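Have a look at the fold first, then go through the points below.

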Amino acid sequence: MLCAIMDNDHWKTSPRWTLGPFCFCPNANNNTYWCVRTINKKDNFLYCEFITGFISYYDMNKDPHQLRNAVHDLEYATLQHIHEILNKLRKCKGAKDCTVRYSSTNTSTSTRQQNIKKGSEMTRKRSAFKHQHRKEALRNRS
C-alpha cells in the first residue's frame, strides 16, 4: 500500500484542506466490487460483493437512500441465487449470454417467521457463504 503525507498545499481547488498535514493511504481493494441492480414488477434491489468479502443488499423500495444493509434479511437460498447471477454476469459476453431471468427475491411473512426459528442455521450458512465468497473474490481478482 502506498501512503503519502497530504497538507494544506496539496489541494488546488475548493474546498481546500486547511487543518494541516495528514497521512493518506489509498487502498484499491476497498473500491473493487461487482453489483447487480434489479428492477422489475416484484423486485427493486441493489446487491454488491466487494473484493474484501463485504456483501451489501439494499431493497430500494424500502430504503432508497441505501441506509441499511439488509443482506442478513435474505434467505440463504436467495443470497446464493443472487451471488450466482452476479458471477454469471461477471463472466458473460453479449446480450444473449448476459440476459438473466429469475424469480422474485421477496419472501412471504410466513417464510420470514420460519427463518427466525432457523436463525442459528442461517447465520452459520451465511458465514460459510461469506468465507466462500471471499476466497472466490481473491481468486478472481484479476
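Keep in mind that this is a predicted model. Among contacts between residues at least 6 apart in sequence, 42% join residues at least 24 apart. As for the make-up, we've got 4 helices and 5 strands.

**Layout**
- Reading from the N terminus, the order goes β-β-β-β-β-α-α-α-α.

**Burial and surface**
- The protein has 142 residues, and 32% of them count as buried.

**The largest nonpolar core**
- In soluble globular proteins, nonpolar side chains tend to end up buried together.
- Here, the largest nonpolar core holds 14 residues, and Val36, Tyr47, Tyr57 and Ile82 have the most contacts inside it.
- At least two residues of this core come from each of β3 (33–39), β4 (44–50), β5 (55–59) and α1 (76–91).
- The largest share belongs to α1, which puts in 4 residues.

**A closer look at Val36**
- Which residues does Val36 touch, leaving out those up to four places away in sequence? They are Phe45, Leu46, Tyr47, Ile82, Ile85, Leu86 and Leu89.
- Val36 is also one of the residues with the most contacts inside the largest core.

Definitions and conventions: Residues numbered from 1 in each chain as written. Predicted model: local features only at pLDDT ≥ 70, side-chain atom pairs only at ≥ 80, totals over all residues. Heavy atoms only, no water. Buried < 20%, exposed > 50% of the residue type's maximum accessible area, 1.4 Å probe, protein only. Contact = heavy atoms within 4.5 Å. Core = buried A, V, L, I, M, F, W, Y, C linked by side-chain atoms within 4.5 Å.
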